[in-house]
Amino acid sequence: MLPRVSALAAATAAGAGLLGWLTGRYLRGPAAGYTQEREMLAAVADQSADAIIACTLDGTLTVWNSGAEAMYGWLAEEVLGTPFRGILPPGAGPALDQALAVLAAGGHIHLEESRRVRRDGSTLLVSVTVSPIRNEQGVVVAAAATERDITEKRRFEAEERQAMERSVRAARLESLGQLAGGVAHDFNNLLAIILNYADFLADEVTGDGAADLSRIRDAADRARSLTGQLLLFAKREPTQVEVVDLNEVVTGSGELPARTIGADIRLVCRPCGETVPVRANRGRLDQILLNLVINARDAMPDGGVVVVETDLVELRGGSGVPLPQGRYARLTVSDTGTGMTAEVRDRLFEPFFTTKPADRGTGLGLSTVYGIVGDAGGHIGVDSTPGVGTTFRILLPHAAGRADRADGQPLRACPSGDGRRVLVIEDEDYVRDLVVRILQENGYRTTAISEDAVGAADLTDVALLITDVVLPGRSGPTVAAQLRTRCPALRVLFMSGYSDTELRRRYDIPPATRIVQKPFTAVELLATVGEALAPHLVGGLGDQS
Ligand SMILES: Nc1ncnc2c1ncn2[C@@H]1O[C@H](COP(=O)(O)OP(=O)(O)OP(=O)(O)O)[C@@H](O)[C@H]1O
Ligand SMILES: [Mg+2]
C-alpha cells in the first residue's frame, strides 16, 4: 500500500498521484486532515489548461477540471456521473473497454493522438496519458487522464507539410519548365529551317517528290505544335491577352461534337449568372477547357457526366491557395470517372507524364494547362477520389472591365519589299540565310552582317534592322541601340524563340517594337516586317510606346 504523500512524490508529469488524490476527493468527498499542500495541488490541477479527467473502472466520469470544461464545452456538474464514452467518437466503445482493462491490471496508457468530441459535436485531437488510481489497499479503483488539445498543432503541421509539398512540386515543375523551354527553343530554330526550306522546294518539286515534301511539312507542323505546347508549359510562348468572359468559353464548350466527347458522356455547362471576366488569351482558355474535358472523357470509358461551371470567389487569407487575396474567377470541371491515385495526382502536371497508351496520350495536356494558368496569374487545384471522380478547379484573377469583342484577328497582309533595304543580324547561318532568302524573294534588298561588324556597317538607306534578341556576344537590343546612335530613325524587328513577355522584361523592349517568334513561316515573317515598317510607327526602339 502506498501512503498518499509518497504517491504524490512519485507523481509523473502526467500528474497521476495528484489525480489519484483528486479522484479520491471526488469519490469520497473531503475528509478531515487534508493538508494545505493538497488543497494547493487541487487548485493547480483544477486550473490546468490541460484537461484532467478521471473515471471509475466502469467508465463513469468522476473528475472534470476547468481545463476539461474549456476543451469540451461541458461543465463539471453536467458530465460528472455520466459515461466517459460520451466524449468519444462513435464506435470507440471497444477501444475504451480495452483501455480500462489495461488500467485495471495496473498498466499505463499513452496516446500521441486520440479523437474526442466536443459538446457542439465538433471533433478535437488530444494527446493523452492515462494512469491507474489505487485505493489505500493498492487496488486499482479508477483511471485518471491528462489530455492536451493538439488540434491546432496538427492543423498547423498539416498546413506546413502541404506548403512544403507544394513548393517542392512547384520547384520540380519550374526546373522541368526550364529544360522544356530550352529544348523547345533550340528545336524551333531547326523547325524554322525545315519548314521554310520545304516551302521553297515545294515551288520546284512535282509528283512523288511533292508528296514526300508535303509529308515532311506535315511532320514539321506537328513538331511545331508540340514545341508550342512545351513553350506554353515553360511560359515562354507569346500571347495576345484580352478580357474574356469565362462564361462564353464554357458555353462554347457545349458545342463540342459528340465525336469528341463520346456518345455515353453527358456534358453539363453551368455558367455563372453574372459575367466572369478574366484577362487571358481566348484560344488558350479554349485549350484549357478542351484538355480538361478530354481528360474527363478518357477517365469515363463506360460513360458518365462532365460538369463545367464558372463562378466568382473571394480569396481571403488562410485559403490554402498560393494566390494573393482578392476576387477570382473560378472554372470547375468535374467528372464521374475513374479518379486517380495519390501517385498520379502528384505528377499530374509534369510534361510527358501520362498513364495512357503511347498512341492515346502524350502527357502534355495538363502541363500545358498548368503553364497557361500560371502565366495568367492563376492557380489550378485538383481533388480526386479513385472510383468516384475528379474535380479540377482553376482560379484566374478577376478582370475589372468589360469583355473585349470576340472578333477574329484581322488578317495580316504581306506587303512587298519595294526594294527597301534590310539589315539582318543572326548568328545561326541557316536561319540568317532563310531570312535573307524570304526577304529577297519578296522584293527587299538585304545585307547580312555579323554582330562584330556592326560598328562598320553601312547604314545608307537602311529601312529596317532585323536581329536576333540573343546573340553570342551582345544582346540584339544593345546592337540596335548602338546602330541608332548613328541612325536615330532606324526601325527594328527582333527575332526570338523565347517568349515575348519574358524578353520584353529582360531587355526592356517597349510594347510597340515587334518581335517575330521562331519558328516563323515566310508569311509570318513578311507580315511582321510589314508591320515594323508601317508608316504610323515612329522610330524603332525607345520612342515606340
Ligand atoms: N479527369 C481525370 N481523371 C483521371 N485521371 C486523370 C484526369 N485528368 C488527367 N488524369 C491523369 O493525368 C495524366 C496526365 O494528363 P495529361 O492531360 O497531362 O496527359 P494525357 O491526357 O495522358 O495526354 P495528352 O493530354 O497529352 O493527350 C493522364 O494520363 C491521367 O492518368
Ligand atoms: Mg490529356
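Two residues are in contact if their C-beta atoms, placed from the backbone, lie within 7 Å. The model shown is predicted, and local features need pLDDT of at least 70, side-chain atom pairs count only at pLDDT 80 or more, while totals for chains, interfaces and linings use all residues. Residues are numbered from 1 along each chain as its sequence is written, and chains are lettered from A and ligands numbered from 1 in the order in which they are written.

View 1. Thr251 belongs to helix H9 (residues 246–253), where helices (H or I, at least four residues) and strands (E, at least two) are DSSP runs numbered from the N terminus. Leaving aside neighbours within four places in sequence, Thr251 is in contact with Cys269 and Pro271. Cys269 is 18 residues from Thr251 in sequence, and their C-alpha atoms are 6.6 Å apart in space.

**View 2. Packing of helix H9 against helix H11.** The crossing of H9 and H11 is right-handed, the near helix being turned clockwise from the far one by less than a right angle. Val249, Gly252 and Ser253 of H9 make this contact with Leu285, Asp286, Leu289 and Val293 of H11.

**View 3. The sheet that contains strands S7 and S9.** Five strands form an open sheet of mixed pairing in the order S7-S9-S10-S12-S11, two strands being paired if DSSP finds at least two bridges between them. At the edges are S7 (265–270) and S11 (379–385), each of which pairs on one side only. Neighbouring strands of this sheet are turned by 15° against each other on average, direction ignored. S7 and S9 (residues 304–315) run parallel and are joined by six bridges, and Leu267 stands opposite Val306 in S9. H9 packs on the sheet, where it touches S7, S9 and S10 (326–335), and its direction makes about 180° with that of S9.

**View 4. Helix H11 between the sheet and helix H13.** H11 lies across S7, S9, S10 and S12 (389–397), running at about 30° to S10. The axes of H11 and H13 (residues 365–375) come within 9 Å and cross at roughly 145°.

**View 5. The sheet that contains strands S1 to S5.** Five strands with antiparallel pairing form an open sheet in the order S2-S1-S5-S4-S3. S2 (61–64) and S3 (109–117) stand at the edges with a single partner strand each, so one side of each is left without a neighbour in the sheet. From one strand to the next, the twist averages 30°. S1 (residues 51–56) and S5 (residues 140–149) pair in the antiparallel sense over six bridges, and Thr146 in S5 is the bridge partner of Ile52. Helix H6 (residues 93–104) lies across S3, S4 (123–134) and S5, running at about 120° to S5.

Definitions and conventions. Axes fitted to C-alpha atoms, helices over the stretch in contact; angles between N-to-C directions.
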